[in-house]
Amino acid sequence: MSPAGRQAPEKSGASAAVVTAPRAERPSVLLAGNPNSGKTTLFNALTGARAKVGNYPGITVDRRSAKLDLEGGLGLEVVDLPGTYSLSARSAEEEVAAAAVLGLHEPVPAAVVVVVDASALRRGLYLAQQVVETGLPTVVALSMMDEARSAGIVIDAEELGRRLGAPCIPIVAPRREGLDALRAAIGDAVAKDADLPDVADIDLPEAATEKLEAIEAVVEDWLAPETLALRRAWARWALLSVGGDELPDIPEAVRVAVDEATREDDPGPLLIALRYERIDAFVDAAVTIEEGAPEVSITERVDRVILHPILGFALFAVVMALLFQGLFAWSDPAIGLVEDAIAALQNLVAGLMPEGPVKRLVVHGVIAGVGNVLVFVPQIALLFLFIGILEDSGYLARVAFVLDRLMGGVGLHGKAFVPMLSGFACAIPAVMATRTIESRRDRILTMMVVPLTSCSARLPVYVLIIAAVFSPDQGGFVLFAMYFLSVIAALGAAFVLRRTVLKGKKPPLVLELPPYRMPMGKNLALNTWERVRSFLVDAGTVILALTIVVWGLSSYPRDEGVAAEYAALRAEASQVIVESGALDDRLSELEGQETSAQLPYSFAATLGHAIEPVIEPLGFDWRIGVGIIGAFAAREVFVSTVGIVFGLAHADEESAPLRESLVAATWPDGRPLFTPLSGLSLMIFFVLASQCMSTLAVVKKETGGYRWPTFLFVYMTVLAYVVSFLVFQVGTAMGWGTG
Amino acid sequence: MKVKVHFNKTSALASDEEFEHLNAPVSNAPATSSGARTLADVKVGAVAVITGVEGERPLAIRLMEMGLLPGTRVEVVRIAPLGDPMELRLRGFHLSIRRDEARGLAVEPE
């Protein structure tokens, strides 16, 4: 690991090659392990946490990798595989670990490190046993040794290693205990000089062996694995994975072979039973439980409170209230700072650049777009910090346990609760938070309904409209009704989508309730940073580009006459007003007026007029249409866009002049534009419509294609249109709130 | 594909003498359909031994790979406040499954 090690003279020949070798040629070492086994902590401790985050081919699962330089000059690439209990897979996501170990899309690794939680040895050894069966050099890291010791579990690691056929190294990753020994064992494994007796393979009955050999024959045609052990491992993997699965790229011949082998006297259960029998024998030989170990674990004591029918719910409510308060209120100062910084930057750059299209593009397109991206960062960081704490402490699994029934009623996963709740603050971090849900179908369902929860960007729109068309004593009720509608819409949409577009058997709940553990600050910080970075790089670029497009639509084309008129006014002001503060105020006022004066010539206005016949049955005219188009940049932009349309640049939702303009606005025939009914229709449209391009950008990133964001946009927009249409038309026919 | 698995001690493949120890002295019909007790009927705090796994193959395999095999001792630790799912303790760890899934696991009292 140390640079000095690489320069050690006796290794000069090899080390020179390693130092100059391109990264891609580093032998790869995979880190496999159960969820909650301490795998990520070990990865960070081994590699110094300089992870490179990429994607596995064709799938949105993060591939975290980092360099590891061993003493003696061996340079490796360590890959942190997704946590898994078994190599067997039913979906493309679950297949990632097996594909990496067995070498499906890339060459087989030089070695595999299986992280096994020493306090839950039997379960972790099942995965280790599967990996050993591949014949690849394997090292077992026995993690959480401190917990095992305090539970009175004494492990003879050498004995365990001899029986398993892979060296077992006890470690406590946070304290760096055992890491040197682990690095040495990895080096030996890669060099293939681990000093271990050969361990015989699992002894299957002849009938089962014959069935597996039939599968091996088709595996040979499919992948031509390098070794007999790998071919056998692939056959066993196929036996336990294929059939009733959603795996991509399994050749028909393999499906047929597995179907034939399992139709009668399925050898699969027997294979699993024999593996566990072997593991039980290892554990009996190598593990002793000390006398006087605590009978009731701390976790069990804590769970008696946390999963208590009354106390548990009370605590849950407090935790969720804190999370929500944090997202809503604590992120506010940071969001304010971002907005102020962007505004200051805009002013600064505006002062430095000459007037013209380039300046407008930079100030109102690019810098505003960067602001549109950065403004999400405080909430994303906070949410992932919270989720990291909930997940690493073990509480998130309890949330899923407690809420599974409630959420399951509409077909949602128990873990969908946190994303749904977060959606009331902002859909962007909420969509990203669906990653805690393992099944792809459950995750996509959650992503499809989260944008219906009433995010904080809708609030300014409600506030403006309620203040304009409802009396103060109706206002609170109307606002409540909008939030209620959004909850009903989200749950209803889940219920319907589950039975139509995302139809399928409810995935089983097989959920580990891990022991409670103190989250580690370093892991939390790294995880939060990786999420923020991934947002900035992947979704941020799309949001920036779309912001510029929306800005372009509402700013171009311009009328040269208007431009010349305002240029003259500016020049005049500069000559007449001497005091610089007053001059700035006047220039800013002129800029706002010019924006309003130019708007009728823009594409957005043309579009607004073009869609007027379509939105008129909802009670909206072209000006509201322009506001809706502007709202694609971010919903709250509706307020400032409508402000510009009504000649009131820089207006916010509390602005009295804007409210008065709305009240006074009429259709050409003199009917008022804003009535309680049309206001209601507009607010309902905002609750239901997919108007946030940032959400669409994040959904595209998280689902890995255009299919789901397109579906999301279409279904929400159609839903919004139909409901607003019905409300306005029925309301008009009944004569409700039209005057 | 709706392949069902019935795995109990009478799996034909384990009938050779060498593997007979995997067979336990229980009924040979799939226990769940013969009205015997399943894990879903076990009371909180009670310990039961699994005698058979039955169900659609992918789920049955998943449960078995998590360690819910014939012969395994399972304690029902608690039921979630809303009545489902249930929390189990087996092989030194805690696992949660729904009653629907537990119905595929035939058990006998310890």
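## A bent helix

In this predicted model, helix α23 of chain A, covering residues 521-555, bends by about 45° at A:G540.

## The chain as a whole

Stepping back, chain A holds 32 helices and 10 strands. Its C-alpha trace spans about 90 × 65 × 55 Å along the principal axes. Of the 739 residues in the chain, 46% are buried. Among contacts with a separation of 6 or more, 73% are between residues 24 or more positions apart.

## The largest nonpolar core

The largest nonpolar core has 235 residues, and A:V113 and A:A141 have the most contacts inside it. Domain 1 (3-190) and domain 2 (206-289) of chain A both contribute residues, so this core lies between them.

Leaving out residues up to four places away in sequence, A:V113 touches A:V29, A:L30, A:L31, A:V139, A:A141 and A:I186.

## A closer look at A:L31

One of those partners, A:L31, belongs to strand β1, which runs over residues 28-33. Is A:L31 buried or exposed? With 23 other C-beta atoms within 10 Å, A:L31 is buried, because the cut-off is 20 or more.

Beyond its neighbours within four places in sequence, A:L31 is in contact with residues including A:K39, A:L42, A:F43, A:V78, A:D80 and A:V115. By contrast, 46 Å separates the C-alpha atoms of A:L31 and A:A343, which are 312 residues apart along the chain.

Methods. Residues numbered from 1 in each chain as written. Chains lettered and ligands numbered in written order. Predicted model: local features only at pLDDT ≥ 70, side-chain atom pairs only at ≥ 80, totals over all residues. Helix = DSSP H or I, 4+ residues; strand = E, 2+ residues; numbered from the N terminus. Buried ≥ 20, exposed ≤ 12 C-beta atoms within 10 Å, placed from the backbone. Contact = placed C-beta atoms within 7 Å. Bend = angle between axes of the 7 residues up to and from the residue. Core = buried A, V, L, I, M, F, W, Y, C linked by C-beta atoms within 7 Å. Domains from an automatic or database assignment.
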